[in-house]
Amino acid sequence: MNTEVLALIVLFQIFDQSLGQNGTRPNIVMVMSDAFDGRLTFDPGSKVVQLPYTNYLRELGTTFLNAYTNSPICCPSRAAMWSGQFVHLTRSWNNYKCLDANATTWMDLLKANGYLTKIMGKLDYTSGSHSVSNRVEAWTRDVQFLLRQEGRPVTQLVGNMSTVRIMRKDWKNTDIATQWIHQRGASSHQPFALYLGLNLPHPYKTESLGPTGGGSTFLTSPYWLKKVSSELITVPKWLPIAAMHPVDFYSTFTKNCSGVFTEEEVKRIRAFYYAMCAEADAMLGQVISALRENGLLNNTVVIFTADHGELAMEHRQFYKMSMFEGSSHVPLLVMGPGLMSGLQVNQLVSLVDLYPTVLDIAGIPAQGILSGHSLLPLLSKASAFSNKQHPDWVLSEYHGCNVNASTYMLRSGRWKYIAYADGLSVPPQLFDVTLDKEELHNVIFKFPDVWTHLDKLLRSIVDYPKVSTAVHLYNKKAFGAWRHSLGRNYSQVIANLRWHVDWQKNVLANKRAIDKWLYGSV
């Protein structure tokens with residue numbers, strides 16, 4: 001552990017740990033990264049890359065070992081976190097369709113209740129964002145064609161051992177956040193709440209693919225690569241393509257991962273991804289250091305989390321959009337006055353829990369119907385917070401691109417149950433994540449009683465066949481409106497989206513497939 005982090009730990013431990021000094025409400029700082037695999041925040045995953053500030057939060061705060069996204073893609077996941085409601089309740093179906101701009105967030109409630117608030121960096125929870133390709137791919141996922149939508153995952157090394165600031169936009173936002181702490185947070189006589197959203201360690205846009213290309217480049221410098229223990233990088237096992245679940249195969253193909261990858265390629269992608277995580281960790285560290293330098297650390301609750309994870313070539317995929325652990329498991333670490341130190345919590349939790357948790361920390365009653373539950377009873381040293389029961393399950397759902405069926409994941413105990421569409425047309429999956437950590441053995445037919453129980457539980461939480469139908473109808477309506485808006489330009493525009501290489505191979509058949517899906521006939 002480096003000297004600066006050790007000094008921070010000693011300094012924090014000498015402070016009184018009551019929830020807010022002298023009865024005052026604590027400051028709240030949340031750093032949310034993008035695409036950060038939560039398994040890197042505890043052993044054995046934490047050993048593969050040096051993350052000193054994440055480790056600092058782990059030693060002096062609480063680490064949730066089973067924290068999940070409520071939707072493994074940027075906008076719907078963040079919509080759940082900001083609203084405290086499941087995706088099907090806010091109808092956040094894809095990166096284009098999320099919350100209204102005037103939706104009430106927990107930050108709004110903090111501001112209305114006397115907090116000085118500041119939001120900066122990546123937000124991405126309201127409707128209308130992301131590329132045309134991204135939304136069209138989501139709308140047309142039910143069309144009977146198979147087109148590669150992403151660039152093949154690649155790596156790119158830049159700079160030298162002195163090149164530290166790679167993701168300049170994130171560093172700029174981190175600088176602004178720390179300046180705000182120095183200038184406003186330190187001088188304010190009211191509690192403050194600061195949110196910093198990072199884009200790292202999301203893959204970078206692949207420039208060689210042109211203006212419509214997505215993010216398939218894992219990019220870093222030798223400085224950050226040195227933080228990775230290459231000897232600990234594992235090469236994930238893959239099922240043969242013929243043995244893959246049909247939805248997983250669709251994802252693999254549309255993510256351009258169905259070709260041949262050497263073991264060295266896979267290890268390199270994973271190494272670069274871990275290095276990108278190390279850079280994100282340094283940004284978290286800059287925020288923590290600013291709090292310490294201004295004497296605010298002892299009266300501030302610090303939360304670190306992410307919108308989703310990154311598969312990094314597990315299950316023959318990169319990116320997210322999957323219920324496998326690499327994609328759905330997120331980091332969640334919380335440190336602050338009056339909260340437990342060095343605690344690791346096994347309780348299943350998810351991002352919707354952050355809304356009521358933040359309000360609970362601030363002493364503000366939650367409003368409306370929330371999907372989440374406050375985590376403060378699991379965090380606080382005070383026994384007064386220990387009277388509420390958290391559910392023993394978490395729900396995640398996905399309705400966007402690169403997956404050709406609405407997907408619903410229920411984690412409960414040792415089991416991960418994944419249901420699709422109407423529950424009949426696409427076979428479900430069941431994994432024992434305790435015995436099968438790589439999630440390679442679907443045991444749905446081996447444990448029919450578990451299947452029946454978990455499906456019943458899932459349907460008690462969400463009427464998933466009904467939701468799937470609503471998404472299907474939305475996709476058709478949204479695509480039809482978009483197509484109509486283009487008029488005569490439609491054929492040219494749709495041919496030049498991210499799938500343009502495969503589209504051009506069979507233009508007529510692809511157009512007919514869309515017409516059949518949209519209108520019911522060719």
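**Pockets and cavities in a predicted model**

Author: In this predicted model, strand β2 contributes three residues to the lining of the largest pocket, the most of any element.

Reader: What makes a residue count as part of a lining?

Author: A lining residue has an atom within 4 Å of a grid point of the space. For the largest pocket, 35 residues line the space, and R39, F42, P44, G45 and K437 are the closest to its centre. The elements giving two or more residues to that lining are β2 (62-68), α10 (263-293), α11 (325-328) and β10 (343-350).

Reader: How large is the largest pocket, and which classes make up its lining?

Author: Its volume is about 970 Å³. The lining divides into 13 charged, 12 nonpolar and 10 polar residues.

Reader: Which residues lie closest to the centre of the second largest pocket?

Author: They are K122, D124, H130, N199 and H202, out of 33 lining residues. The volume of the second largest pocket is about 640 Å³. At least two lining residues come from each of α6 (132-139), α7 (168-185) and β6 (204-205).

Reader: Why is a space called a cavity rather than a pocket?

Author: The name cavity applies because a 1.4 Å probe fits there but cannot get out, whereas a pocket is an open set. The count comes to two cavities of 30 Å³ or more.

Reader: What volume does the largest cavity have, and which residues lie nearest its centre?

Author: About 110 Å³ of space lies in the largest cavity. D248, M321, S322, M323 and Y420 lie nearest its centre, among 14 lining residues. Two or more residues come from each of α9 (246-254) and β13 (415-420), and α9 gives the most, with three. The lining divides into eight nonpolar, five polar and one charged.

Reader: What makes the second largest cavity pass the cut-off of 30 Å³?

Author: The second largest cavity has a volume of about 70 Å³, and the cut-off is 30 Å³ or more. Its lining includes F86, S350, D353, H373 and W393. Strand β11 (residues 393-398) provides the largest share, three residues.

Reader: How many residues of each class line the second largest cavity?

Author: There are six nonpolar, five polar and one charged. Asp counts as charged, and D353 is one of the lining residues.

Terms used. Residues numbered from 1 in each chain as written. Predicted model: local features only at pLDDT ≥ 70, side-chain atom pairs only at ≥ 80, totals over all residues. Heavy atoms only, no water. 1 Å grid on protein atoms, 1.4 Å probe; cavity = no way out; pocket = protein on both sides within 12 Å on 5 of 7 lines; lining within 4 Å. Points joined across faces, edges and corners; volume = space filled by probe spheres on them. Helix = DSSP H or I, 4+ residues; strand = E, 2+ residues; numbered from the N terminus.
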